[in-house]
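Visitor: I would like to learn how to read a protein model. Can you walk me through this one?

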Amino acid sequence: MTGFVDVVIEGKTYQMPVIIGSEGEKAFDITKLRDQTGYITHDPGFGSTGSCSSSITYMDGDKGILRYRGIPIEQLAKKSSFVETAYLLINGILPSQGDLNEIRTLLNDYSMIHENMQDFFKHFPRDSHPMGILSAMVGSLRSFYPEMQNDEEAVNKKTLRLISKIRTLAAMSFRISRGNKVVYPRHDLSYCANFLNMMFDGPVKPYTMDEDVVRALNVFWILHADHEQNCSTAAVRVVGSAQVNLYASISAGIAALWGPRHGGANMAVIRMLEDIAERNIPVDKIVKMAKDKNSDFRLMGFGHRVYKTFDPRAVIMKEMCDIVLKKLNVDDPLLDIAKRLEEAALTDPYFIEKNLYPNVDFYSGIILRAIGIPTNMFTVMFAIGRLPGWISQWIESTEDPRWKIARPRQIYTGNKKYDYIPIEARYI
Ligand code: ACO
């Protein structure tokens with residue numbers, strides 16, 4: 001705390017303590033506001049509300065900055081692996097070689113799934129959305145694994161179990177939904193390579209591992225690993241604040257991520273681009289529709305609550321997209337439409353005035369398609385990437401000495417008190 005700001009309410013001055021973050025972000029603490037003044041603040045969507053202090057991720061939306069534990073995202077995308085980045089987020093420091101060796105062993109040890117979970121999977125209706133399945137499966141982990149019920153279990157074991165199992169669960173849901181045999185995890189493969197093998201290896205056509213594809217998946221997951229207090233992370237923290245277990249909290253995060261305004265946007269982008277391609281809609285018509293206030297249509301993959309200049313993840317994703325498509329020799333017409341759409345929107349006064357730029361989802365779907373991931377699995381891919389962020393935020397919130405149950409207030413706008421009306425006297 002460094003000083004106070006004066007808040008004048010109905011002529012009376014109240015001093016609110018000022019909090020300044022390590023990068024100079026400023027807030028004033030209103031925890032006593034209601035008790036002292038009778039007022040609450042009103043901030044739907046929480047755009048001006050800091051719900052916590054956090055040392056995990058720093059982002060500056062005006063400058064396009066994103067750092068995990070202080071390290072710029074560009075450096076992590078270039079030099080790190082997803083597993084190393086996960087360790088960094090959860091533990092606050094980069095791992096030593098010994099740490100990495102231990103993590104790899106534990107990720108392998110924990111990679112199998114209880115056989116009974118396969119039965120659970122099989123009873124989901126054929127067209128179930130993989131995000132609904134994933135959320136249910138993660139929520140059920142605590143029941144299938146007695147050791148997970150032990151809340152005292154060392155945090156690193158608990159978290160590595162989850163990071164390892166979510167990958168197997170995701171690949172398994174894909175295989176079962178196609179009526180294919182489940183491929184078991186292999187101990188000789190890295191985290192990302194193992195996932196690709198579990199997804200695509202087959203008895204007739206063995207999967208050929210490509211180093212650039214494995215690298216692309218590492219980068220995709222690194223870019224998604226955390227994003228401070230977004231909708232799903234806030235959901236994990238809010239649900240966790242009721243002191244529910246880690247798995248139930250993460251399950252809530254997965255449900256929140258599902259929505260098209262959040263993680264579901266990567267699917268929505270591809271569906272939009274496919275629609276444009278199929279119906280041969282001119283790009284300028286799409287831009288016009290996105291600006292039309294009488295239409296619900298939005299340019300998916302554009303705009304962000306925090307980034308108002310550019311999304312640094314989108315820049316890396318676009319570069320990665322070109323590398324992967326070239327390497328796999330994929331000529332995707334959707335990439336061409338995406339590039340033309342981006343160019344048209346970035347020169348349009350509506351998008352310029354509203355600071356609407358491509359976000360991470362705009363190009364990520366094209367990479368996933370090239371790797372062979374089906375569209376309805378895109379948000380699951382995002383969820384696997386975001387898991388270390390959710391875990392680190394959950395741990396941080398539970399270790400905060402001021403950890404309280406989340407319980408926002410409201411301004412009531414309903415009826416004033418009136419008396420119950422007997423049924424025979426209603427609406428006559
Ligand atoms: N296309 C057209 N207009 C848009 C778009 C868009 N993609 N995004 C915002 N706008 C307009 C709104 O209509 C609004 O206009 P108005 O001020 O005239 O009413 C203005 O820009 C502000 O929009 P809000 O929805 O108030 O901005 P907010 O910060 O709440 O929303 C959001 C951010 C949800 C990401 C929004 O830009 C959006 O819906 N984008 C498309 C979905 C998407 O790509 N989501 C992924 C986000 S990144 C992620 O979750 C990983």
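Predicted model: local features only at pLDDT ≥ 70, side-chain atom pairs only at ≥ 80, totals over all residues.

Visitor: Which residues come nearest to the ligand?

Guide: There are 20 residues around the ligand. Arg298, Leu299, Gly301, Arg305 and Lys354 come nearest.

Visitor: How does that shell divide into nonpolar, polar and charged residues?

Guide: Nine residues of the shell are nonpolar. Five are polar and six are charged.

Visitor: What lies 2.9 Å from an oxygen atom of the ligand?

Guide: Look for pairs of N or O atoms; the cut-off for a polar contact is 3.5 Å. A polar backbone atom of Gly301 lies 2.9 Å from an oxygen atom of the ligand. In the side chain of Arg305, an N or O atom is also 2.9 Å from a ligand oxygen.

Visitor: How much of the ligand does the protein cover?

Guide: On its own, the ligand has 920 Å² of accessible area. The protein covers 76% of that.

Visitor: Now the strands. In what order do the three strands of the open sheet stand?

Guide: The order is β1-β2-β3, and the pairing is antiparallel.

Visitor: Why is one side of β1 and of β3 left without a neighbour?

Guide: β1 (4-9) and β3 (26-28) stand at the edges. Each has a single partner strand, so one side of each has no neighbour in the sheet. From one strand to the next, the twist averages 35°.

Visitor: How many bridges join β1 and β2?

Guide: Six bridges, in the antiparallel sense, with β2 covering residues 12-20. Follow two of the partners. Val7 has Tyr14 of β2 as its bridge partner. Asp6 has Gln15 of β2.

Visitor: Where else can I find a hairpin?

Guide: Go to β4 and β5, which form a hairpin with four residues between them. Gly64 in that turn has a positive phi of about 70°. β4 (residues 57-60) and β5 (residues 65-68) pair over four bridges, again in the antiparallel sense. Thr57 stands opposite Tyr68 in β5.

Visitor: Which way do the residues of β4 point?

Guide: Start with the general idea. Side chains in a regular strand alternate between the two faces of the sheet. Now the case here: Thr57 and Met59 point one way from β4, while Tyr58 and Asp60 point the other way. All of these are buried.

Visitor: Last, the helices. Is Leu100 buried or exposed?

Guide: Leu100 belongs to helix α4 (residues 97-109). Buried means under 20% relative accessible area. Leu100 has 9% relative accessibility, so it counts as buried. Its C-alpha atom is 47 Å from that of Val287, which is 187 residues away along the chain.

Visitor: What is the relative accessible area of Arg340?

Guide: Arg340 is in helix α15 (residues 333-346). Its relative accessible area is 42%, so Arg340 is partly exposed. Arg340 and Glu23 are 317 residues apart in sequence. In space, their C-alpha atoms are 37 Å apart.

Note on methods:
Residues numbered from 1 in each chain as written. Heavy atoms only, no water. Near = heavy atom within 4 Å. Polar contact = N/O pair within 3.5 Å; in protein donor to acceptor, adjacent residues only side chain to side chain. Areas by Shrake-Rupley, 256 points an atom, 1.4 Å probe, with all protein chains shown as cover. Nonpolar A, V, L, I, M, F, W, Y, C, P; charged D, E, K, R; others polar. Pairing = 2+ DSSP bridges. Helix = DSSP H or I, 4+ residues; strand = E, 2+ residues; numbered from the N terminus. Axes fitted to C-alpha atoms, helices over the stretch in contact; angles between N-to-C directions. Buried < 20%, exposed > 50% of the residue type's maximum accessible area, 1.4 Å probe, protein only.
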